[in-house]
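Dear colleague,

Please find below the structure that I am handing over to you.

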Amino acid sequence: MEPSARPRRVTIVDVAKHAGVSTTAASKVLRNAYGASPEMRAKVRRAIDELGYRPHAGARGLRGQTYTIGVMLPDIRNPFFPEILDGVTASLADTEYQVLLGPGCNGEKEEARVTEAMIDRGMDGIILVAPVSPPSHLEHIAASVPTVVVGRHGKSPLYDTVVDDDAEGAALVVAHLAGLGHRRIAHIEHRETDPTRLAEMPNARRADGYRLAMRAHGLEKCINVVSTTYTQEGGYLGAKELLARPATARPTAVFAGADIVAMGVLDAVAEAGLSVPGDLSVAGYDNTTFAAFAPISLTSVDQSGREMGRNAVRLLLERIADRGRNSAQVTLSPTLVPRRSTARPTE
């Protein structure tokens with residue numbers, strides 16, 4: 001038995017015939033170009049849906065656009081990053097753009113590999129979420145394709161940025177815990193040694209914000225920072241180190257630099273036979289979906305990941321339309337969402 005012939009790909013000519021319009025008119029609708037009436041657009045869109053037409057990305061790329069946006073995520077296990085992705089996809093829902101994801105794996109080499117692949121495949125724009133690459137590589141990317149960097153505080157004339165006021169977010173946590181009566185407030189940060197990333201990355205800004213806020217509340221002598229990683233294991237190991245200290249030196253509250261870190265803290269507290277918030281108050285950062293789950297009820301800082309994604313798309317589409325415009329920086333204001341994981345100390 002011979003294999004069946006491969007189905008013929010539906011073309012723009014087929015769409016035009018089905019809609020009863022010229023090929024030029026159908027092309028205008030597909031390109032969202034001027035000159036297509038609402039009635040014509042409705043006819044062509046209906047024909048596209050009925051025929052299952054999909055533009056050929058390779059052919060469109062030869063004409064200058066592929067209508068694809070690349071999004072680099074540093075860690076697919078961190079539940080905050082899908083929040084940003086939700087904002088990106090929602091903003092592109094009514095456009096012809098498709099989003100393609102690439103894992104950066106929190107490494108310079110891996111980021112370079114995935115971003116170069118996006119450039120090589122002719123993507124119209126790239127959104128880099130919390131990249132760890134040096135500024136020189138970020139500018140190399142931005143010189144090749146319109147780029148928006150999310151979650152990094154550095155600036156460049158070549159790319160736009162969207163960030164949270166991370167120092168202010170940390171200050172909100174410290175003010176909340178100090179207001180409850182806590183003095184021994186510890187912070188679990190993501191270990192950082194690179195000078196540029198110490199100046200630009202959110203984790204470093206949050207650690208600096210914690211220290212400044214502790215001093216502002218007269219708690220300088222109680223500053224207590226444990227350096228691990230922004231992972232659940234990092235939170236677990238950091239909490240184990242803090243809980244191993246003598247009772248008089250043990251914190252009564254922990255500010256975890258990310259919700260995923262706070263999850264590890266909760267694991268360590270439970271393993272030690274202690275309770276939250278009875279023995280230890282715990283606060284996170286990101287206000288991810290699971291923070292609101294009733295069994296967890298984690299106090300957390302909301303930096304509005306969806307709003308970050310929406311702003312990233314807006315800036316990217318503006319830069320795609322005008323490569324020469326001045327770079328823009330958007331800084332969002334965080335809010336604190338108190339829940340049951342924080343309470344007054346029992347001491």
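Helices (H or I, at least four residues) and strands (E, at least two) are DSSP runs, numbered from the N terminus.

Some notes on the source come next. The model is predicted, so to speak of local features requires pLDDT of at least 70 and side-chain atom pairs count only at pLDDT 80 or more, while totals for chains, interfaces and linings use all residues. Residues are numbered from 1 along each chain as its sequence is written, and side-chain values use heavy atoms, with hydrogens and water left out.

To return to H6, this helix covers residues 108-120. Its 13 residues reach 18 Å from the first C-alpha to the last, close to the 18 Å expected at 1.5 Å a residue; the expected span is 1.5 Å times one less than the number of residues. An α-helix has 3.6 residues a turn, so residues three or four places apart point the same way. Just after H6, Gly-122 takes a positive phi of about 70°.

Strand E3 (residues 125-129) runs parallel to strand E4, and 4 bridges join them; two strands pair if DSSP finds at least two bridges between them. Within this pairing, Ile-126 stands opposite Thr-147. E3, helix H7 (residues 135-144) and E4 make a right-handed β-α-β unit. Right-handed here means that, with the strands pointing away from the viewer, the path from the first strand over the helix to the second runs clockwise.

E4 (residues 147-150) is covered on both faces: Thr-147 and Val-149 are buried on one side, and Val-148 and Val-150 on the other. E4 also pairs in the parallel sense with strand E5 (residues 160-164) over 3 bridges, and Thr-161 in E5 is the bridge partner of Val-149.

E6 is joined to strand E7 (residues 224-228) by 5 bridges, in parallel; His-190 stands opposite Thr-228, and Glu-189 opposite Ser-227. E7 has a covered face, formed by Asn-224, Val-226 and Thr-228, and an uncovered one, formed by Val-225 and Ser-227. E6 also pairs with strand E8 (residues 253-256) in the parallel sense over 4 bridges, with Ala-253 as the bridge partner of Ile-185.

Finally, the structure holds 3 aromatic pairs. Rings of Phe, Tyr and Trp (its six-membered ring) pair if their centres lie within 6.5 Å, and planes under 30 degrees apart count as stacked, over 60 as edge-to-face and the rest as tilted. One of the pairs, Phe-255 with Tyr-285, is tilted, at 6.4 Å centre to centre and 35° between the planes. Phe-255 lies in E8 and Tyr-285 in strand E9 (residues 281-285), so the pair ties together parts that are 30 residues apart in sequence.

Yours sincerely

Methods
Buried means under 20% relative accessible area, exposed over 50%, partly exposed in between (1.4 Å probe, protein chains only).
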